[in-house]
Amino acid sequence: MKILRASFLVVLFLLAGVLAVRLPQGVETDLYGLIDSAHGGVMREMAKGLATQGRLLLEGQDPDVLKERAAQIRAQLHQPPQPDYKETLAFIDTHKAGLLAPATRELLLSGQYAQVAEESAARLFGPVPPLFSAKRDPFLLGTDYALALETNLAGGWSLDAGDPVFEQDETCYRLLTVDLATVPAAEIVSFLVACEQANETKDAPCRIWCSGPAFHTARASEQSKREINLLSGISLALVVLFGWLLFRSFRFLPQLLLALGVGALAATGMLFAFFPRPHVLTFVFGTSLIGLSVDYVYHARAAGDVRKIMRPLALSLATTLACFAPLMFAAVSVLRQMALFTSAGLLAVAAFVVLWPCGNAGTIIVPPCSARRCVGRWSWVVFVVLAGLFVCRHPTPQLVMDPTAFYRPDAYLAQSEKKLLTISPVQTQRFAFVAGETLQEALEREEAAGVKGLSAVIPSLKRQRENAALKAALVREQGTAYTAKTGLKMPSENPDGFLDPEQLPEGPLRTMLRSMRVAGGLVSPYAGVARKPLDSHVTILKPHVELLVLFTEFTASTLSLLTVSLLVFGVLLVVFFKRNFVRFGFPICLSLQSTVLALMLLDVPITFFTLLCFFVLMGLGIDYTIFHRGHPAPETRRVVLYSFLTSFAGLGLLALTSFPVTRSMGLTFAIGLFFAYLFSLGGSKDV
Amino acid sequence: MCQWRDVFSGMRVAVVAVLTSLLAYGGVDAALPERASGTFVQRKTLADVEVTITSTGTFRFEKGKFFEWQTLKPLPSTFIATPTNYTLVVNNKKTTRRLKNNVDEIAKIFEIKEVKDFVKDVKAEPLTGFPDRVTVSFKNGDKLAIEMKR
């Protein structure tokens, strides 16, 4: 025993070491983080790049009021003041050697030098003053370049003091882009509340619509924090209350807390050992470990001598692990993570209660329980009633893969997103990701693929050199005639340098570069028609569709693994219980079927997340059944009851959260645990 | 992402200001007609190259509706300002931009900050009625001298 204990402690110590090294790398937190590298990882990179960005649309009648409000919002959200565009202009002026408007470049490429010269002269003779010195840029190609930038946005938008502005039906709009990385979530939420209230005011001079992941994250995290704090408090109080009701003392608490701590350490350590940056969803799902751990601790404590329950405990552990085992082979990383986390945690808790038995449990008071016997006898009636209701109502199965079902923003944010979608200058929901190890490589690939991304504004250095050669050819072909017509002399050589985006000063162009650059390449809104990659380095993405495909894949994979789990589970029951396997397997099947029926009758959509709950329900269900039907001492049944109540309180309370994913998981757990317990009662030997 | 457009917004506003100023100095008061049209001679002096470029053309104005400046010689181009946008046509290539222009109370255009950044000074002769001559000085030393005949 000592050797086993020492080995267990060494393993725990090693896992703690793994955690110390890997934990600082953090975890994936967004839905896109679920996407494996097999999917390219592009969405994950894109999501990371956009995670802290927010966009605000200001709406009102008076553009000056909007402008003033924009300045106030910048100060309120700790944004730097709008950089002076003249600095960017000055930078372009000295770095425009290779800058050409796309249309002008096309003309020069096709050798239409005369037409370019004529357009330049017409511009010169017109009323528009040149933007840059005609001495260094006699063909006004720099001015032409600056004017052409405008064509990259949707029509009708212009800029005012650095912000895109738009006017429609006598209503003015102003768009602000903010980086909220350093703004505390509480401040963002206060801002949202203030905007919402201001918008509700009749004749508000400025309505503000907030959009972007940063606002959603802030509101959701603040709300979740409030709910989790409240529910955790209630849950903890119930766990303590149920434990006290069972053992009539609080001496169970240290062992329970230690077991949970050991389980959490082993599970997290193993997870980080195999997955350097696991997804946060694994930990959400991992909370179900608490239910199973409480079960083992209560049984071990109630038995006093753990050897008395070694067989049912081992059977329960083996069947539960068997339920999770198929998930280890899932193609989806997050499912493998969940399986590893739960299995490692369960094994650690089981090992802990066996290696450090608590000894005397005290007296478990068992009241006369005729009601339970009655419930046990007639539990099958519940299933018949459910099946009857199902036949009468014909509910449609709702297997939902659409990611919008997993997150419903509140009315204000939903309205804001809708508003932004219709007014936004970028009228596309598709994105092009162009891979490149360096910025220049990505720019060159964008140009080669014809993607109008960053390279449409800042060409690669390679293209800038080509452009400089085209400019030189224009001077050779048309310089003399142009001088004769306008009086402007040709410079002896190109006096300007090339524009290296890495050297850009703070300003509009740098902001644009920052918003498009992600790890491994460049991302830009894609308004083209091509749906398939233009070349192997370009990926066209529609985030919503990508997520839909992703969750369809996840759901299909989970469904097949659930089937495999049921089969493995069935085989194990036959191996362990021989001819009696039906007695142990039937309640599980009934409880799972009843859960599905109840979810359908209650119109609860079945998603990837709710399907995951069924693995836990199988594990807990077999646990209740084994202890009820294989070990029918009254104290044991009482332990099962309180173990069920504790899990029901801990996991079922999630049904009260506002986040649809946790709410549906909580509902599934609550319904499933109820049926698992109910059907485990029927057929007990003493019933 | 689209803040780069700011790079040239001021210049555009300045152009509108220059053109509409022709009318503003033609008499903001009752002397400014509801409609006007005629010919112009424009001399653009580019300070850093010491070159003066002369062009001629026609103009049309309808109070509160539009102002059109059509260069005919030596090379054609058209500039049209309306209360909500302006259009520049060079060699059949059209660039339209939404911009709040005052083609009604033209003098107020100079209250816009961006114009003040580009335009140094505007002089019109005579001071009342429709002007025969307008001179706009830019801060970079460029000048636009315009003579108009109705």
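Rings of Phe, Tyr and Trp (its six-membered ring) pair if their centres lie within 6.5 Å; planes under 30 degrees apart count as stacked, over 60 as edge-to-face and the rest as tilted. This is a predicted model, where local features need pLDDT of at least 70, side-chain atom pairs count only at pLDDT 80 or more, and totals for chains, interfaces and linings use all residues. Residues are numbered from 1 along each chain as written, chains are lettered from A and ligands numbered from 1 in written order, and side-chain values use heavy atoms, without hydrogens or water.

**Stop 1: aromatic rings, chain A**

Select Phe551(A), Phe554(A), Phe608(A) and Phe609(A). They make up one aromatic cluster. Over all chains, the structure holds 26 aromatic pairs. Phe608(A) and Phe609(A) are an edge-to-face pair, 5.1 Å centre to centre with 65° between the planes. Phe608(A) is buried at 0% relative accessible area, and Phe609(A) is buried at 2%. Buried means under 20% relative accessible area, exposed over 50%, partly exposed in between (1.4 Å probe, protein chains only).

Move to Phe675(A) and Phe679(A). This pair is stacked: 5.9 Å between centres, 20° between planes. Both residues are buried. They sit in helix H24 (residues 660-681) of chain A, 4 residues apart, about one turn of the helix. Helices (H or I, at least four residues) and strands (E, at least two) are DSSP runs, numbered from the N terminus.

**Stop 2: helix H3, chain A**

Select residues 63-76 of chain A. H3(A) has 14 residues and reaches 20 Å from first C-alpha to last, close to the 20 Å expected at 1.5 Å a residue (1.5 Å times one less than the number of residues). Colour Leu66(A), Ala70(A), Ile73(A) and Arg74(A): these are buried. Seen down the axis, the buried residues of H3(A) fall within an arc of 100°, so they line one face of the helix. The arc is taken from the directions from the helix axis to the C-beta atoms. On the other side, Asp64(A), Glu68(A) and Ala75(A) are exposed.

Now check the ends. At the start of H3(A), a side-chain oxygen of Asp62(A) comes within 2.9 Å of the backbone nitrogen of Asp64(A). His78(A) follows the helix, with a positive phi near 55°.

**Stop 3: strands, chain B**

Switch to S7 (residues 119-125) and S8 (residues 133-138) of chain B. They run antiparallel, joined by 6 bridges; two strands pair if DSSP finds at least two bridges between them. Glu125(B) has Arg133(B) as its bridge partner in S8(B).

Ser137(B) stands opposite Lys143(B). Finish at the turn: S8(B) and S9(B) form a hairpin with 4 residues between them, and Gly141(B) there has a positive phi of about 100°.

Terms used
Polar contact = N/O pair within 3.5 Å; in protein donor to acceptor, adjacent residues only side chain to side chain.
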